[in-house]
Protein chains: 4
Amino acid sequence: MVEETVTLEGHLIDSDILKKVFDRVVQEGGEFEVVEFRVGRTNADPSSASVAVKAPDPRALDRILEGLAYLGAVTAALGDARFAPAEADGILPDEFYSTTNFDTLVRISGQWMAARDQKMDCALVLREESPCCVKQGLVKAGERVALRGQGIRVRPPERSRDYSVFGFMSNDISAEINKTIAIRGSASEMRRAREAGEKIVVVAGPAIVHSGGDVALARLVRDGWVDVLLTGNAFAVHDLEKAILKTSLGVCQMSGRAVEGGSRHHLFAINAVNRAGGIRKAVETGLVTSGVMYEAVTKGIRFVLAGSIRDDGPLKDTITDMIVAQKAYVDALRGAGLCLMLASALHSIAVGNLLPARVRTVCVDMTESVPVKLSNRGTLQAIGLVTDVGFFLERLAAELSGPGERPPGTEG
Amino acid sequence: MVEETVTLEGHLIDSDILKKVFDRVVQEGGEFEVVEFRVGRTNADPSSASVAVKAPDPRALDRILEGLAYLGAVTAALGDARFAPAEADGILPDEFYSTTNFDTLVRISGQWMAARDQKMDCALVLREESPCCVKQGLVKAGERVALRGQGIRVRPPERSRDYSVFGFMSNDISAEINKTIAIRGSASEMRRAREAGEKIVVVAGPAIVHSGGDVALARLVRDGWVDVLLTGNAFAVHDLEKAILKTSLGVCQMSGRAVEGGSRHHLFAINAVNRAGGIRKAVETGLVTSGVMYEAVTKGIRFVLAGSIRDDGPLKDTITDMIVAQKAYVDALRGAGLCLMLASALHSIAVGNLLPARVRTVCVDMTESVPVKLSNRGTLQAIGLVTDVGFFLERLAAELSGPGERPPGTEG
Amino acid sequence: MVEETVTLEGHLIDSDILKKVFDRVVQEGGEFEVVEFRVGRTNADPSSASVAVKAPDPRALDRILEGLAYLGAVTAALGDARFAPAEADGILPDEFYSTTNFDTLVRISGQWMAARDQKMDCALVLREESPCCVKQGLVKAGERVALRGQGIRVRPPERSRDYSVFGFMSNDISAEINKTIAIRGSASEMRRAREAGEKIVVVAGPAIVHSGGDVALARLVRDGWVDVLLTGNAFAVHDLEKAILKTSLGVCQMSGRAVEGGSRHHLFAINAVNRAGGIRKAVETGLVTSGVMYEAVTKGIRFVLAGSIRDDGPLKDTITDMIVAQKAYVDALRGAGLCLMLASALHSIAVGNLLPARVRTVCVDMTESVPVKLSNRGTLQAIGLVTDVGFFLERLAAELSGPGERPPGTEG
Amino acid sequence: MVEETVTLEGHLIDSDILKKVFDRVVQEGGEFEVVEFRVGRTNADPSSASVAVKAPDPRALDRILEGLAYLGAVTAALGDARFAPAEADGILPDEFYSTTNFDTLVRISGQWMAARDQKMDCALVLREESPCCVKQGLVKAGERVALRGQGIRVRPPERSRDYSVFGFMSNDISAEINKTIAIRGSASEMRRAREAGEKIVVVAGPAIVHSGGDVALARLVRDGWVDVLLTGNAFAVHDLEKAILKTSLGVCQMSGRAVEGGSRHHLFAINAVNRAGGIRKAVETGLVTSGVMYEAVTKGIRFVLAGSIRDDGPLKDTITDMIVAQKAYVDALRGAGLCLMLASALHSIAVGNLLPARVRTVCVDMTESVPVKLSNRGTLQAIGLVTDVGFFLERLAAELSGPGERPPGTEG
């Protein structure tokens, strides 16, 4: 038997994490003893546990310790992280460390440095002397890539202990919860993000327009509640069709009836906007005078349209190359504190992949499957709301932008 | 080849029906010719088609004609319907005719008589000299049961041609339609049913309470928009729990948090209401002072609670025997002109089975599956709305009971 | 500040439970300290934690301790459970204790006695000197009903630590897991239940027949893998329609085409079976010679058909009163070790309500919603499989009843 | 009143189409009379109807006739199609005609010419003297674009009258149909496509790999049943991860357990394949020796991987620019007779947008929503199967590639 004592630290070290440690040790035929267990009394005071781990042989102990490192356990003795150069553009050394979406520290010359641009499924690359999460395909030949093993430490995920909506609704993904409370909680989180100077990001799917929720979203943009809009070609097209022709997929949005020849309306809208030179120009020239994209342009907020194989057109504003589009999403997400993911499986999961776990997310969809997928990503600050996105947006706008109320910090 | 000329009649005889006739004939190896085709110009003026049918032998022609009878085709020469006695209580003669949910005429002594209590999957039984749709299990020994074959005629289903919401939304079952328009259309239908003196029936599932839609439903009841409430034990229990303890399944409806010991709240509510002697008494004694059931009792509208194997309690008001509960539903549905089916797969499909196809239905559910099942029942006056029932009810109540507005014919 | 030291005990005391304790204490404004923490080394060796709890006043401490009692924490000083008589049939004293689905101990004259018929949302009633879980509606006037507070202890739920499929798949509810592995794991559990002499219960929905899974289920019954079949009228009707007429809802099960006049087939089948005197008689007289119900009768296994408001017929075997049907389900579930819940929201949730948490369950459904609901019930030995029930049954039967293989203990 | 007589022609002219004509005319305040109605006796003999249409003024008549043109009605007097030049690359004249997915004829110098590359939501562009469906974004400045109005004729859609599975299952989208029959029908269609020399296209989503259906799909490719594989980066990555590391998303495909460090496996697989120089090279060098991609390379069938914003990596083979990917899909779809769309909302709808309505499609998904969306596209040769894709593939492979059976025309 070889033995090593590991320390776990974090606000909720007493929770799932501890169980996982034990499971890991037992699976490897090891033994363990809780040497000390200290529970943090306040939010600012993290818990810690000291666990003595024994294993039948050094290899097994290594395997245990590697596993525990992923869980945030820190062994007493730790070396620096090891690096190897990328063999070619986009080609990593096989022993590359793959990131999670939890904040990560890398030990370089005895110092723990926080990784920049934390996101999952990336390589950790040394850039400008500090570790940075870089998508595999964007690593350049010769860049120094961190290898798995010693010197990399992940902060254990923490569930919010405070009285926010994330504190008590994080585990529920069901259509059968009181939506009023959940939406009010989302509104509080938006106010809180505003006050904290964090960005509020909206990921939007085309169902918002089809189901009539675009009016409320436009209002939220106009009232300053949205800093970044991440979406695809389709959402913008339907929003613009509605602005220009008052239809959505050829269905009149006043009467609900299909309009004669309406099936060409979205192509007509694309044509008109592209002729004008894109969305900003279409707003400036007066072609587009309402809708979410209009408000986004007028308000000057950042929007990114990522293309997809499904697109018609596309709009000139749509980024058709996915590598470029991902980069644009990553840029736009910097500084995000809260992310609303609204009725778009494709873009919500894309953004979920690009966000650090610490960013609070509210995922609204008509079925459980998208929220379930996102919650499997390990974030503990996520709410899944199974409801109609049109309903969500209307109620959210009413909560935030009711008569007389203005979001803080907006002059609008 | 034997030949017979059949006539089809109805407003939309030109549609699917005609195709089905042709398919039927061709399948039997027959031939046919459209002798005459007259298209009705107005809603009051039905279309008709006269089709000469040939078949290789008399048996095949019989099979064709039997098939066509189901589709509303009437042969020139027709005998009276044939009857045979039920062998025992609940036991039909094997050749029994099984009803559809379309209005049915039965030829007795050369006269076509309309069947009473039209609903699907019933026997046609002669009661008080006239034909009546009776559930198999309720047929008494010796009663005269109609046999399939001649003398029974089903009116072909008709799609609404007018400008109601049923006219243009009947085929859409999708989350991606403009809900505002569909809900506004539903409100118009309710006003129209009111003006026509037809009953408005609401079928309610417990998700209404969990998702916070009960407030709006209570308002609709109070304002006189609901004549009959068909539901189960669970809906009433959750509504009463909320009225008595301000929680739903132990979750506080103000804060959204689970209440200490809240898992017993619904049992507590059942206990309290049953101790009082049932729902009406609980209202009269002041135990229950709000909620849907409170409004239903106060307004004096009819409600039926059908039990299920899932029930806790149950409430004294819940009918635990399903035969009795079905009868109570059937009684309550008489005179129904419009039926809102809200977030209850079990009760919605039960009611769908008991309604004639002519009753307009609006089915609201979070997934496509219930609306799809209901639309397979053949009604052409049905809308399926894939949305959050809480949203639907709030918006419907706002449409119908906005400030200053009162439903016609209510003194409340 | 008042203080009391509580002890928690169980195999996974280190897990979620501990976190819940802390949350509870903090919510009440209390403080706590982990006095001792002992981790069980083996499955037979439970973990325990000793936690000193302080609260601002005695009332708050009481509230904390009551909350902890639900979580399995035992205070050092404990009195006997208190009882009060039921006021009337079905009417409990307001302070009644409401059961969970975890095994429960009741302290009577200083002795801890295990409650019989453990299931959730029941009263704890003294019958024959021992505590028994009784549905509210079945409690008789004057029976002694346990009150909440001291003297009642719930064993904390435990997640399986062993290498069964329940050990590693319990948290996944998704269509995107490897079904082959999950089905193979389910088969292992069935073998294990057989070897342990536990009953295997199948809860069956009508979609089994519609989707063609009935052939495999019949084979499982024939090969002795099913001890109890809990279902409703519809499943049996469709199974019998197929046995007698080779159609399901009038659709030929060879060609997939609707059969002329097939919409009356299920009524015809009910009629024929009821005329014979019920399902057993229909098998004995040779009317029914195949199918799941045929195998169940031939094999002599117990089946219970619970009625519902949706039923046609019903079959003579269907229990139409829900109180009676629930009792029959409860009786049939005694001794259950494993429960397969197959494509029936209604009956699966009903059975979920009646089962102790210790019974292993496999829930198969096409959508996430039923498995999600069941997993919210707190069982840790549950797998949710989002797949086609026909697929599940075929593969399960192939695993269990492949050529040359026989389940242990069957002579068939 | 102005009047014109229009002729409709097609096998099922008697069906929905006729109703739509009447609805259209009535909506515009017009009148109509069925002058002649001829029903085709055989599959080779189309039906036709001659309808006299009256309208209050020439403008209304124009609107009616334009509407009827979309439905396949042909007026007696018809001019040539009109064209105008594209203003710039990707910018159409505003009066552009927008294509449907039905076969389209364009009248040029008095001759009706069939459009090439029929697909919906395209411009009709004159290329090499014949009309061609071109995506808006691909139209070049100055190319002649057809304008809506006269000279364009759409063949009315036809429902299959024969005894194929498309003939009787086209309207069912439900989990509750007999899958065995539907899958057997799909197998027949594949044999039929083979015999007709048509291409069989498979659109594949990553859930195929997660749910274990990849083995069967690999077998189908190996046995020559697949001509084209259209998918995205994720499907290929998961397939390759399984081939190289025996895991899927880090979950061991033998045991179902998460593998230590498995979350980096898909990145490792991408890295290894890209280092080899792409999928073909990875197969040639022996890195990849099993799986769907392996069989595709070995068999030499065409595959196209379209990128998405969600991608990791991506693989070198993945086309990251959506314009280029769409072109590659369009090229690969030429000559398609049957298309299986398997568990991919994104790619299935993309392909649905690119296919002419005449191509038979089988869409397999776990929920109704994708099949419902596809069926709204107007194809009458589509089956929607709500089932587990793993099940579908296994059963399909068993039907097609059972022992001793070989697809015609394969030497394998």
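Hi everyone. Let me begin with a pair of residues: C:Phe391 and D:Phe391 are both buried. Before I go on, please keep in mind that this is a predicted model.

So what do these two rings do with each other? C:Phe391 and D:Phe391 make a stacked aromatic pair, with 5.0 Å from centre to centre and 25° between the planes. C:Phe391 sits in helix α14 of chain C, residues 389-400, and D:Phe391 sits in helix α14 of chain D, residues 389-400, so this pair joins two chains.

How many aromatic pairs are there over all chains? The count comes to two. The other one I'd like to show you is formed by A:Phe391 and B:Phe391: the ring centres are 5.0 Å apart and the planes lie at 25°, which is under 30 degrees, so this pair is stacked. Here A:Phe391 belongs to helix α14 of chain A, residues 389-401, while B:Phe391 belongs to helix α14 of chain B, residues 389-401, so again two chains are joined. Are these residues buried or exposed? A:Phe391 has a relative accessible area of 1%, so it is buried. B:Phe391 is at 2% relative accessibility and counts as buried too.

Now let's look at another kind of contact with a ring. A:Arg264 lies over the face of D:Phe96, 4.4 Å from the ring centre. Then there is C:Arg264, which lies over the face of B:Phe96 at 4.3 Å from the ring centre.

Next, how do chains B and C relate?

Finally, let me take you to a sheet in chain C. As a reminder, strands of a sheet pair through backbone hydrogen bonds, either parallel or antiparallel. This one is an open sheet of three strands in the order β7-β6-β11, with antiparallel pairing. At the edges are β7 (111-114) and β11 (152-154) of chain C, each pairing on one side only. From one strand to the next, the twist averages 30°. Strand β6 of chain C, residues 104-108, pairs with β7(C) over four bridges in the antiparallel sense. If you want one bridge to look for, C:Leu105 has C:Ala114 in β7(C) as its partner.

Definitions and conventions
Residues are numbered from 1 along each chain as its sequence is written. Chains are lettered from A and ligands numbered from 1 in the order in which they are written. This is a predicted model: local features need pLDDT of at least 70, side-chain atom pairs count only at pLDDT 80 or more; totals for chains, interfaces and linings use all residues. Side-chain values use heavy atoms; hydrogens and water are left out. Two strands pair if DSSP finds at least two bridges between them. Axes are lines fitted to C-alpha atoms, for helices over the stretch in contact, and angles run from 0 to 180 degrees between N-to-C directions. Rings of Phe, Tyr and Trp (its six-membered ring) pair if their centres lie within 6.5 Å; planes under 30 degrees apart count as stacked, over 60 as edge-to-face and the rest as tilted. Buried means under 20% relative accessible area, exposed over 50%, partly exposed in between (1.4 Å probe, protein chains only). A charge sits over a ring if NZ of Lys or CZ of Arg is within 6 Å of the ring centre and within 35 degrees of the ring normal.
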